[in-house]
Structure formats: structure tokens, C-alpha cells
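Biologist: Let's go through this model together. I'll ask, you answer from the coordinates.

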Amino acid sequence: MEKLLGFLPPMGWNSWNTFTWEISDKLIMEIADAMVETGLKDAGYEYVVIDDCWSEKQRDENGCLVPDHYKFPGGIEPVAEYVHSKGLKFGIYSCAGTHTCAGHPGSFEHEFKDAETFAKWGVDYLKYDYCYKPLQVPGEILYKRMSTALRNCGRDILFSACNWGNDNVYKWIRESGAHMFRSTGDIQDSWQSIKNLALSQMGNECYGGNFCHNDIDMLVVGMNGSSNNEYINGSGDDQFANKDGKGLGGCTDIEYKTHFALWAIMNSPLIIGCDIRKMSPCAKEILTNKDIIAINQDIECRGPYRISQWNNPENIFSLVKPLANGDFAIGMFNFGDANAEMSLQLWDIGLSAAAGVGVEMYDCHKHEVEGQYFERYVTTIAPHDCRMFRAKVIKK
Ligand code: GLA
């Protein structure tokens, strides 16, 4: 089947989390190489996206965006071509306001011209931000406008809206034509941030779905405090700032594992933010886990529901997502700071032990069947850790 644009949560890489303004044609081409060499492409990652700071501060005399002469001396086209030559897709960034968040020209009142420029350059994906939006213009109309421009520019361009969950975006984003929408503020490379962003979207599952995915923000898996940006490294976040006020940055491998499992089961686009040229073996294992990616890429795109543990409902809970073949994806999470025993009552996911119906639990991290269970499944989970299963319904 021909792949339909935006049907499933997009997967790829974006320059912002690690590199912010320090981007160049060389970096993007090396990232494209690494996507292939590390096996990320084979795992399903497809888009290589340049975020903010790629353009000059002024448009040219015809009102066209101009690539930064130092960072992209040959322009954007050859970079897109190189990315395409690796069998990958190429993405770029603009903004619904007059300026991007970093102060470069935004696409306000230039939507149709910019869409044409992007199509000419070979762009396949546009991230569209929300800074410097004229206050009297509703964001809704600006996303509808750019969506219309992209849908009629002569090239398939995936539209990634980024208004941070403002202005009741859930109510109008699907009808705008956007393929994904950022529902959160910017992620930081800290456990606190991962936790906050995930919790903020529990209860919003009904708004995502095929062709319009709830984007909880780009992944920080594997960054280990390596962003060139102190905010992303977690400074300003008291809990993570050290004595000098500088962010400690980074998470443990267990926290990155839980981060990836959360984003996957919550159907977020999976957009990597670390420097994949120097990924640790552990980061690579997390990001290429085919059983977890399959849960994220399930064709029906149903959001999960939450079942909280009765004796610690804030911190200990399961997310349960029905899959197209009748299985369930079950993520069991411990957001607390102590070991937790956790019991999932199978009655809560629609099974009846009296009818002899139970589950066979396949562990998506160990890649093996753990066993068959009726009535309930019990496990102990370390602080900030998770277990992720594919559960097949069985009869006694
Ligand atoms: C906003 C977005 C980020 C990133 C920056 C770039 O903060 O939310 O994801 O694109 O702008 O300036």
C-alpha cells in the first residue's frame, strides 16, 4: 500500500534539542549518513528536520526566505537532495508569526510564497511554530492558511503544527489539515520534564488519531546533558540545577527507557533529538526497539487509557492501548521514587476470568513471552522504570 502522508505518527530526527542554532549543511548530511549507518532508518525513522536558525535575518528583495550563507552556503536544495539520496525525507521549520522564536523571518502573510519555496527546495515536512503571532489574529486561521498553502504547493509536505497546546488547539487542529500538533511547552533533558509533559497529555487521548497526532515534543533519549542550550539541559529547573545555577542535565538510562515507552504508547510522533552520530549503545537500543515502535505505529492509532494503582494512584499506573489485531499494548509505569509492587486487574481491561479469558504477556524489552495470566498480573517496578508488554488474549 502506498504510504499515506501523516497516517501514522511520523518518525525522524530534529536538530533543535542538541544543536539549537549551531546547524550547518555538513551536520545535516552527517546526520542523514548516521540515520542509515546506525539502523535508525531501518527501524522506521524517516524525516531529517532542520529546526529554527537556518535562514538569514531578512528576506530577499522578492520577499523570499534566504538560507544562512555561512551555515548553508549552497542553499537548502542540495542538502534536501542529499537527504533524499539516502532514502530519507527532509524537513524544515518556520513560524505562524512575523518572526520565528529565535528572531528569524516568520511566514505570517508569506504563507503561500513560502510553501512554494519549500516545495521548490524539495521539503517533505514543515514544523510551524507560534512565536510573534500578531495578537489580534487567531492562531486557528494561521494554521488553516499554511495548511492550505502546503496542500496546494504541488508537493506532499507533512504539516507539523507547534502551538504548545495553546488556544484550545485540540478543538480545531484536525480540521486545519495539520498532521501533528505540539500540545506541550518545550521538553528539557530531565526526568521532571518528561514526567510533566506525559502527565499533561493524559486525558487528551481522544484528540489524536490517524492523520493528526498529538506531539508531546521531541525525544531527549540519549542526550545525557549534551545540549548546547542551558534551558534544554534543565537549568532554571530548581530541582535539577546545581549550586552554580547550571543545569545538571540528562537522565538515567532507565528514565530514557521510560520516556520512550511513554511517547510510544501515547502515540506521539517519535522525533529523536540526540546527536545520533555518537549515540550510546543503550540509547540506540532504546530508540530502535522494534516491539515498542510497533506499538506506536499500530495502524488504528488508538490512544491509551489509564488504570491507576489503587494504593498509589498518582505515581503508579498502567496505560492500555488496544491494537488492531486484538492484542493490547500495556505499559506499566512507576513515577515514584521507591520500588513499587503493581497489580493489573485484568477485569479492568475488559477480560473475564470467570469466562476463562486471560492474557499471554510478551515483554517488549526482553523480547520474550513472560507467561500466561488470569485475573491479574503482578510485578515490581523500580523507581522511574517501566514494563512494556504486548498482551495477547487467550482462553483456558
Ligand atoms: C519553540 C519550539 C521549539 C523550537 C524553538 C526554536 O520554542 O517549541 O521546539 O522549535 O521554538 O526556536
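Biologist: Which pocket does the ligand take up?
Modeller: This is a predicted model. Pockets are found on the protein atoms alone. More than half of a molecule's atoms must lie within 2 Å of the grid points for it to sit there. The space taken by the ligand is the second largest pocket.

Biologist: How many residues surround the ligand, and how do they divide by type?
Modeller: A residue counts as near with a heavy atom within 4 Å. The closest are Asp 51, Asp 52, Lys 127, Asp 129 and Asp 186. The ligand is surrounded by 13 residues. They divide into no polar, seven nonpolar and six charged.

Biologist: Which side chain has an N or O atom 2.7 Å from an oxygen atom of the ligand?
Modeller: The cut-off for a polar contact is 3.5 Å. Arg 182 places a side-chain N or O atom 3.0 Å from a ligand oxygen. For a polar side-chain atom of Asp 129, the distance to a ligand oxygen is 2.8 Å. At 2.7 Å, the residue is Asp 52.

Biologist: How much of the ligand's accessible area does the protein cover?
Modeller: On its own, the ligand has 310 Å² of accessible area. The protein covers 93%.

Biologist: How far apart are the C-alpha centres of domain 1 and domain 2?
Modeller: Domain 1 spans 11-296 and domain 2 spans 305-395. Their C-alpha centres are separated by 31 Å.

How values were computed:
Residues are numbered from 1 along each chain as its sequence is written. This is a predicted model: local features need pLDDT of at least 70, side-chain atom pairs count only at pLDDT 80 or more; totals for chains, interfaces and linings use all residues. Side-chain values use heavy atoms; hydrogens and water are left out. A polar contact is a pair of N or O atoms within 3.5 Å; within protein, one must be able to donate a hydrogen and the other to accept it, and residues adjacent in sequence count only if both atoms are side-chain atoms. Accessible areas come from the Shrake-Rupley method with a 1.4 Å probe; for residues, only the protein chains shown count as cover. On a 1 Å grid over the protein atoms alone, a cavity is a set of points where a 1.4 Å probe fits but cannot get out, and a pocket is an open set with protein on both sides within 12 Å along at least five of seven lines; lining residues have an atom within 4 Å of a point. Ala, Val, Leu, Ile, Met, Phe, Trp, Tyr, Cys and Pro count as nonpolar, Asp, Glu, Lys and Arg as charged, and the others, Gly among them, as polar. Domain bounds come from an automatic or database domain assignment.
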